[in-house]
Amino acid sequence: MSTIRIGTRGSALALAQTQAVANRIAAAAGTEVELVVITTHGDTSKEPLSGLGGTGVFASALRESLLNGDCDAIVHSFKDLPTALYPGLVVGATPRRADARDVLCARDGLTLETLPEGARVGTGSPRRVAQLLNARPDLHVVDIRGNVDTRLGRVAAGDLDAVVLAAAGLSRLGLLSAVEGEYLELSDWPTAPGQGSLAIEVREGRLDRPLGTALAAINHATSQATTTAERLVLARLEAGCAAPIGAMAAIDDGLLFLTATVYSPDGARSIVSSHAATPDSHSVTHLVEAAQDVSERVARDLIQGGAADFAPMKVTS
(Lines give C-alpha, C1' and ligand atoms only; values in the text may rest on other atoms or scores of the structure.)
Protein backbone atom coordinates (compact mmCIF):
# COMPACT_ATOMS: atom_id res chain seq x y z
CA MET A 1 0.00 0.00 0.00
CA SER A 2 1.90 3.05 -1.26
CA THR A 3 -0.79 5.61 -0.32
CA ILE A 4 -3.53 5.22 2.28
CA ARG A 5 -6.79 6.79 1.09
CA ILE A 6 -9.16 8.09 3.78
CA GLY A 7 -12.77 8.93 2.94
CA THR A 8 -14.48 11.94 4.48
CA ARG A 9 -17.44 14.23 4.09
CA GLY A 10 -16.66 17.61 2.57
CA SER A 11 -17.80 19.87 5.41
CA ALA A 12 -15.21 22.03 7.13
CA LEU A 13 -15.58 20.05 10.36
CA ALA A 14 -15.33 16.66 8.65
CA LEU A 15 -12.25 17.76 6.72
CA ALA A 16 -10.61 19.16 9.85
CA GLN A 17 -11.11 16.05 11.95
CA THR A 18 -10.20 13.69 9.10
CA GLN A 19 -7.03 15.64 8.36
CA ALA A 20 -6.01 15.34 12.01
CA VAL A 21 -6.54 11.56 11.83
CA ALA A 22 -4.71 11.39 8.50
CA ASN A 23 -1.69 13.14 9.97
CA ARG A 24 -1.50 10.60 12.78
CA ILE A 25 -1.93 7.66 10.42
CA ALA A 26 0.78 9.00 8.12
CA ALA A 27 3.20 9.40 11.04
CA ALA A 28 2.47 5.92 12.43
CA ALA A 29 2.42 4.13 9.06
CA GLY A 30 5.35 5.97 7.51
CA THR A 31 3.50 6.40 4.24
CA GLU A 32 1.56 9.02 2.34
CA VAL A 33 -2.12 9.62 3.10
CA GLU A 34 -4.71 11.05 0.69
CA LEU A 35 -8.17 12.41 1.56
CA VAL A 36 -11.09 11.30 -0.62
CA VAL A 37 -14.07 13.68 -0.31
CA ILE A 38 -17.48 11.99 -0.56
CA THR A 39 -20.86 13.77 -0.73
CA THR A 40 -23.62 12.29 1.46
CA HIS A 41 -27.40 12.68 1.40
CA GLY A 42 -27.22 14.48 4.73
CA ASP A 43 -24.98 17.12 3.18
CA THR A 44 -27.29 17.89 0.24
CA SER A 45 -30.73 17.61 1.88
CA LYS A 46 -32.38 20.64 3.48
CA GLU A 47 -34.76 18.54 5.59
CA PRO A 48 -34.51 18.63 9.40
CA LEU A 49 -32.04 16.04 10.67
CA SER A 50 -34.75 14.30 12.68
CA GLY A 51 -36.75 13.77 9.47
CA LEU A 52 -33.92 12.37 7.36
CA GLY A 53 -34.11 8.84 8.70
CA GLY A 54 -32.13 9.26 11.89
CA THR A 55 -28.56 8.14 12.36
CA GLY A 56 -26.72 7.02 9.28
CA VAL A 57 -27.75 9.91 7.03
CA PHE A 58 -24.12 11.02 6.88
CA ALA A 59 -22.60 7.54 6.97
CA SER A 60 -24.15 5.52 4.14
CA ALA A 61 -22.32 7.11 1.18
CA LEU A 62 -19.00 6.90 3.01
CA ARG A 63 -19.55 3.24 3.78
CA GLU A 64 -20.49 2.35 0.22
CA SER A 65 -17.35 4.10 -1.06
CA LEU A 66 -15.26 2.08 1.38
CA LEU A 67 -16.87 -1.20 0.36
CA ASN A 68 -16.40 -0.30 -3.31
CA GLY A 69 -12.68 0.19 -2.77
CA ASP A 70 -12.70 3.94 -3.41
CA CYS A 71 -10.84 4.43 -0.12
CA ASP A 72 -9.08 2.33 2.53
CA ALA A 73 -10.66 3.84 5.65
CA ILE A 74 -13.33 6.38 6.54
CA VAL A 75 -13.68 8.75 9.47
CA HIS A 76 -16.99 9.35 11.23
CA SER A 77 -18.14 11.43 14.17
CA PHE A 78 -19.09 8.49 16.38
CA LYS A 79 -22.34 10.13 17.45
CA ASP A 80 -23.50 10.08 13.80
CA LEU A 81 -22.74 6.39 13.29
CA PRO A 82 -25.60 3.86 13.56
CA THR A 83 -25.13 1.27 16.29
CA ALA A 84 -26.12 -1.68 14.07
CA LEU A 85 -23.26 -3.59 12.46
CA TYR A 86 -22.68 -2.84 8.78
CA PRO A 87 -21.89 -6.00 6.78
CA GLY A 88 -18.31 -6.05 5.59
CA LEU A 89 -17.09 -3.18 7.78
CA VAL A 90 -15.63 -2.83 11.28
CA VAL A 91 -14.42 0.04 13.45
CA GLY A 92 -10.64 -0.25 13.25
CA ALA A 93 -9.75 2.40 15.81
CA THR A 94 -11.14 4.97 18.22
CA PRO A 95 -8.65 7.82 18.77
CA ARG A 96 -8.47 9.67 22.08
CA ARG A 97 -11.79 11.33 22.77
CA ALA A 98 -12.14 15.11 22.71
CA ASP A 99 -14.33 17.18 25.07
CA ALA A 100 -17.79 15.57 25.10
CA ARG A 101 -19.62 18.63 26.42
CA ASP A 102 -22.07 20.91 24.65
CA VAL A 103 -21.52 24.67 24.55
CA LEU A 104 -24.25 27.32 24.62
CA CYS A 105 -23.08 30.08 22.28
CA ALA A 106 -25.26 33.11 23.07
CA ARG A 107 -25.30 36.80 22.25
CA ASP A 108 -23.94 39.30 24.75
CA GLY A 109 -22.40 36.61 26.95
CA LEU A 110 -25.78 35.30 28.08
CA THR A 111 -26.03 31.89 29.77
CA LEU A 112 -28.76 29.28 29.86
CA GLU A 113 -29.94 30.80 33.14
CA THR A 114 -29.81 34.44 32.01
CA LEU A 115 -31.34 34.11 28.53
CA PRO A 116 -34.49 36.29 28.48
CA GLU A 117 -37.89 34.66 28.61
CA GLY A 118 -38.92 33.39 25.19
CA ALA A 119 -35.37 33.56 23.81
CA ARG A 120 -34.84 31.89 20.43
CA VAL A 121 -32.32 29.05 20.70
CA GLY A 122 -31.28 27.04 17.65
CA THR A 123 -30.48 23.33 17.43
CA GLY A 124 -31.16 20.43 15.08
CA SER A 125 -30.87 17.81 17.83
CA PRO A 126 -34.00 16.34 19.47
CA ARG A 127 -31.90 15.62 22.57
CA ARG A 128 -30.85 19.24 22.88
CA VAL A 129 -34.44 20.38 22.26
CA ALA A 130 -35.63 18.21 25.14
CA GLN A 131 -32.82 19.35 27.43
CA LEU A 132 -33.40 23.02 26.67
CA LEU A 133 -37.12 22.70 27.39
CA ASN A 134 -36.43 20.62 30.47
CA ALA A 135 -34.23 23.39 31.87
CA ARG A 136 -36.17 26.37 30.47
CA PRO A 137 -39.72 25.55 29.29
CA ASP A 138 -40.18 29.20 28.29
CA LEU A 139 -37.55 29.08 25.51
CA HIS A 140 -38.52 29.11 21.83
CA VAL A 141 -36.38 26.34 20.30
CA VAL A 142 -35.77 26.74 16.56
CA ASP A 143 -34.89 23.79 14.32
CA ILE A 144 -31.76 24.67 12.34
CA ARG A 145 -29.40 23.11 9.80
CA GLY A 146 -26.07 24.25 8.42
CA ASN A 147 -22.41 24.17 9.33
CA VAL A 148 -20.95 25.63 12.51
CA ASP A 149 -20.13 29.02 10.94
CA THR A 150 -23.68 29.31 9.58
CA ARG A 151 -25.18 28.60 12.98
CA LEU A 152 -22.92 31.04 14.80
CA GLY A 153 -23.69 33.60 12.09
CA ARG A 154 -27.38 33.47 12.89
CA VAL A 155 -26.60 34.50 16.47
CA ALA A 156 -24.30 37.28 15.32
CA ALA A 157 -27.00 38.54 12.94
CA GLY A 158 -29.62 38.62 15.70
CA ASP A 159 -31.84 35.96 14.14
CA LEU A 160 -31.21 33.72 17.14
CA ASP A 161 -30.31 34.47 20.73
CA ALA A 162 -28.16 31.35 21.06
CA VAL A 163 -27.22 28.03 19.53
CA VAL A 164 -26.01 24.82 21.17
CA LEU A 165 -22.92 23.23 19.63
CA ALA A 166 -20.47 20.46 20.47
CA ALA A 167 -17.28 21.59 22.18
CA ALA A 168 -15.31 19.02 20.21
CA GLY A 169 -16.44 20.44 16.88
CA LEU A 170 -15.62 24.01 17.91
CA SER A 171 -12.19 22.87 19.05
CA ARG A 172 -11.42 20.95 15.85
CA LEU A 173 -12.34 24.01 13.82
CA GLY A 174 -10.16 26.25 15.96
CA LEU A 175 -13.14 28.34 17.06
CA LEU A 176 -13.13 27.84 20.83
CA SER A 177 -11.04 30.93 21.50
CA ALA A 178 -13.37 33.05 19.38
CA VAL A 179 -16.56 31.82 21.06
CA GLU A 180 -17.31 32.95 24.61
CA GLY A 181 -19.76 30.16 25.32
CA GLU A 182 -21.13 28.46 28.40
CA TYR A 183 -19.89 24.90 28.80
CA LEU A 184 -22.79 22.69 29.87
CA GLU A 185 -21.46 20.17 32.36
CA LEU A 186 -22.05 16.50 31.62
CA SER A 187 -23.43 15.80 35.10
CA ASP A 188 -26.41 18.06 34.36
CA TRP A 189 -26.40 17.97 30.57
CA PRO A 190 -25.33 14.54 29.24
CA THR A 191 -24.54 14.59 25.54
CA ALA A 192 -25.10 12.18 22.65
CA PRO A 193 -23.58 8.72 23.07
CA GLY A 194 -20.12 8.88 21.54
CA GLN A 195 -20.00 12.69 21.28
CA GLY A 196 -16.42 13.91 21.03
CA SER A 197 -15.20 10.56 19.70
CA LEU A 198 -14.21 9.63 16.16
CA ALA A 199 -14.60 6.21 14.55
CA ILE A 200 -12.20 5.00 11.88
CA GLU A 201 -14.01 2.35 9.87
CA VAL A 202 -12.28 -0.18 7.59
CA ARG A 203 -13.20 -3.23 5.55
CA GLU A 204 -13.51 -6.45 7.53
CA GLY A 205 -10.60 -8.85 7.23
CA ARG A 206 -6.84 -8.61 7.28
CA LEU A 207 -5.53 -5.06 6.84
CA ASP A 208 -2.43 -4.10 4.92
CA ARG A 209 0.42 -3.81 7.41
CA PRO A 210 0.94 0.00 7.28
CA LEU A 211 -2.75 0.74 7.92
CA GLY A 212 -3.13 -1.97 10.56
CA THR A 213 -0.02 -0.76 12.39
CA ALA A 214 -1.23 2.84 12.32
CA LEU A 215 -4.70 2.02 13.61
CA ALA A 216 -3.27 -0.01 16.49
CA ALA A 217 -1.02 2.93 17.37
CA ILE A 218 -3.75 5.56 17.48
CA ASN A 219 -6.50 3.52 19.14
CA HIS A 220 -7.24 4.77 22.68
CA ALA A 221 -8.53 1.98 24.91
CA THR A 222 -10.31 4.21 27.44
CA SER A 223 -12.09 6.17 24.71
CA GLN A 224 -13.07 2.92 23.02
CA ALA A 225 -14.54 1.56 26.26
CA THR A 226 -16.51 4.67 27.26
CA THR A 227 -17.85 5.18 23.76
CA THR A 228 -18.81 1.50 23.55
CA ALA A 229 -20.71 1.68 26.86
CA GLU A 230 -22.70 4.74 25.79
CA ARG A 231 -23.52 3.39 22.33
CA LEU A 232 -24.58 -0.01 23.65
CA VAL A 233 -27.31 1.68 25.67
CA LEU A 234 -28.48 3.31 22.44
CA ALA A 235 -28.36 -0.05 20.68
CA ARG A 236 -30.36 -1.87 23.36
CA LEU A 237 -33.04 0.81 23.23
CA GLU A 238 -32.93 0.81 19.40
CA ALA A 239 -32.74 4.57 19.54
CA GLY A 240 -31.05 6.89 17.07
CA CYS A 241 -30.73 10.65 16.70
CA ALA A 242 -34.54 10.96 16.71
CA ALA A 243 -34.59 9.84 20.36
CA PRO A 244 -33.66 12.35 23.09
CA ILE A 245 -31.02 10.33 24.94
CA GLY A 246 -27.90 11.56 26.70
CA ALA A 247 -25.16 9.33 28.09
CA MET A 248 -21.87 9.77 29.90
CA ALA A 249 -19.29 7.08 30.67
CA ALA A 250 -16.00 7.52 32.49
CA ILE A 251 -13.28 5.39 34.04
CA ASP A 252 -12.23 6.45 37.52
CA ASP A 253 -10.44 4.63 40.34
CA GLY A 254 -10.57 1.33 38.46
CA LEU A 255 -14.31 1.47 37.79
CA LEU A 256 -16.22 2.14 34.57
CA PHE A 257 -19.17 4.41 35.37
CA LEU A 258 -22.12 4.91 33.03
CA THR A 259 -25.09 7.26 33.35
CA ALA A 260 -27.81 7.57 30.73
CA THR A 261 -30.87 9.82 30.60
CA VAL A 262 -33.95 9.47 28.39
CA TYR A 263 -36.13 12.56 27.87
CA SER A 264 -39.59 13.02 26.46
CA PRO A 265 -39.42 15.14 23.27
CA ASP A 266 -40.93 18.13 25.08
CA GLY A 267 -38.51 17.80 28.00
CA ALA A 268 -41.34 17.44 30.51
CA ARG A 269 -40.33 13.92 31.59
CA SER A 270 -37.03 12.13 32.01
CA ILE A 271 -35.57 9.01 33.55
CA VAL A 272 -31.97 8.41 34.64
CA SER A 273 -29.99 5.25 35.33
CA SER A 274 -26.42 4.94 36.64
CA HIS A 275 -24.28 1.85 37.18
CA ALA A 276 -20.61 0.90 37.46
CA ALA A 277 -18.55 -2.13 36.49
CA THR A 278 -15.07 -3.28 37.48
CA PRO A 279 -12.85 -4.27 34.53
CA ASP A 280 -10.50 -7.19 35.20
CA SER A 281 -7.69 -5.07 33.75
CA HIS A 282 -7.16 -2.02 31.55
CA SER A 283 -6.76 -4.14 28.43
CA VAL A 284 -9.09 -3.33 25.55
CA THR A 285 -10.78 -6.72 25.91
CA HIS A 286 -11.55 -6.33 29.61
CA LEU A 287 -12.62 -2.70 29.26
CA VAL A 288 -15.07 -3.58 26.49
CA GLU A 289 -16.42 -6.49 28.55
CA ALA A 290 -17.08 -4.06 31.41
CA ALA A 291 -18.77 -1.67 28.97
CA GLN A 292 -21.08 -4.45 27.82
CA ASP A 293 -21.94 -5.35 31.41
CA VAL A 294 -22.69 -1.84 32.63
CA SER A 295 -24.64 -0.84 29.52
CA GLU A 296 -26.92 -3.87 29.85
CA ARG A 297 -27.82 -2.91 33.41
CA VAL A 298 -28.39 0.74 32.57
CA ALA A 299 -30.57 -0.08 29.57
CA ARG A 300 -32.58 -2.58 31.61
CA ASP A 301 -33.26 0.08 34.26
CA LEU A 302 -34.43 2.57 31.64
CA ILE A 303 -36.73 0.03 30.00
CA GLN A 304 -38.19 -1.14 33.29
CA GLY A 305 -38.62 2.48 34.36
CA GLY A 306 -40.89 3.12 31.38
CA ALA A 307 -38.62 5.13 29.08
CA ALA A 308 -40.33 3.69 26.01
CA ASP A 309 -43.66 5.08 27.23
CA PHE A 310 -42.64 8.69 26.58
CA ALA A 311 -39.65 8.63 24.24
CA PRO A 312 -39.56 7.51 20.59
CA MET A 313 -37.70 4.21 20.65
CA LYS A 314 -37.97 0.48 20.39
CA VAL A 315 -36.44 -1.96 22.85
CA THR A 316 -34.69 -5.28 22.40
CA SER A 317 -34.71 -8.17 24.79
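Biologist: Which residue of S12 stands opposite Ala247?

Modeller: Ala260 is the residue of S12 that stands opposite Ala247. Before going further, please keep in mind that this is a predicted model, in which local features need pLDDT of at least 70 and side-chain atom pairs count only at pLDDT 80 or more, while totals for chains, interfaces and linings use all residues. Residues are numbered from 1 along each chain as its sequence is written, and side-chain values use heavy atoms, with hydrogens and water left out. Helices (H or I, at least four residues) and strands (E, at least two) are DSSP runs, numbered from the N terminus.

Biologist: In what sense do S11 and S12 pair, and over how many bridges?

Modeller: Two strands pair if DSSP finds at least two bridges between them; here S11 and S12 pair in the antiparallel sense, over 8 bridges. The hairpin that they form has 2 residues between the strands, and in this hairpin Asp253 takes a positive phi near 55°.

Biologist: What is the strand order of the open sheet of 5 strands?

Modeller: The order is S2-S1-S3-S10-S4, and the pairing is mixed. Strand S2 (32–37) and strand S4 (89–93) stand at the edges with a single partner strand each, so one side of each is left without a neighbour in the sheet. From one strand to the next the twist averages 35°, an angle that, like those below, runs from 0 to 180 degrees between N-to-C directions, where axes are lines fitted to C-alpha atoms, for helices over the stretch in contact. Within this sheet, strand S3 (residues 73–77) and strand S10 (residues 198–203) pair in the antiparallel sense over 4 bridges, and Ser77 stands opposite Leu198 in S10.

Biologist: Which strands does helix H3 touch where it packs on the sheet?

Modeller: Contact means heavy atoms within 4.5 Å, and helix H3 (residues 60–67) touches strand S1 (3–8), S3, S4 and S10, its direction making about 165° with that of S3. Helix H7 (residues 209–218) also packs on the sheet, touching S1, S4 and S10, and the direction of H7 makes about 155° with that of S10.

Biologist: At what angle do the axes of helix H1 and H7 cross?

Modeller: The axes of helix H1 (residues 12–29) and H7 cross at roughly 115° and come within 8 Å. Val21, Arg24, Ile25, Ala28 and Ala29 of H1 make this contact with residues of H7 that include Pro210, Thr213 and Ala214.

Biologist: How are H8 and H9 oriented to each other, and how far apart are their axes?

Modeller: Helix H8 (residues 221–237) and helix H9 (residues 284–304) pack at an angle of about 30°, with their axes 8 Å apart. H8 and H9 are therefore roughly parallel to each other, since angles under 35 degrees count as roughly parallel, over 145 as roughly antiparallel, 65 to 115 as roughly perpendicular and the rest as oblique. Among the residues in this contact are Ala225, Thr228 and Leu232 of H8, together with Leu287, Ala291 and Val298 of H9.

Biologist: Why is helix H4 described as largely enclosed?

Modeller: Buried means under 20% relative accessible area, exposed over 50%, and partly exposed in between (1.4 Å probe, protein chains only). In helix H4 (residues 126–135), 7 of the 10 residues are buried, so H4 is largely enclosed by the rest of the structure. These buried residues are Pro126, Arg127, Arg128, Ala130, Gln131, Leu132 and Leu133, and they pack against several strands, including strand S5 (102–106), strand S11 (245–252) and strand S12 (255–263). One of them, Ala130, has a relative accessibility of 0%; not counting residues up to four places away in sequence, Ala130 touches Pro244, Tyr263, Ser264, Pro265 and Gly267.

Biologist: Where is Arg136 found, and between which elements?

Modeller: Arg136 is found in the loop between H4 and S7, and at 13% relative accessibility Arg136 counts as buried. A polar atom of its side chain lies 3.4 Å from the backbone oxygen of Glu113.

Biologist: Which backbone oxygen does the side chain of Arg172 reach?

Modeller: The side chain of Arg172 reaches the backbone oxygen of Gly196 at 2.9 Å. Arg172 lies in helix H6 (residues 167–172) and is partly exposed, with a relative accessible area of 24%. Leaving aside neighbours within four places in sequence, Arg172 is in contact with Leu13, Ala16, Gln17, Ala98, Gly196 and Leu198. The C-alpha atoms of Arg172 and Ala14 are separated by 9.2 Å, although these residues are 158 residues apart along the chain.

Notes:
Polar contact = N/O pair within 3.5 Å; in protein donor to acceptor, adjacent residues only side chain to side chain.
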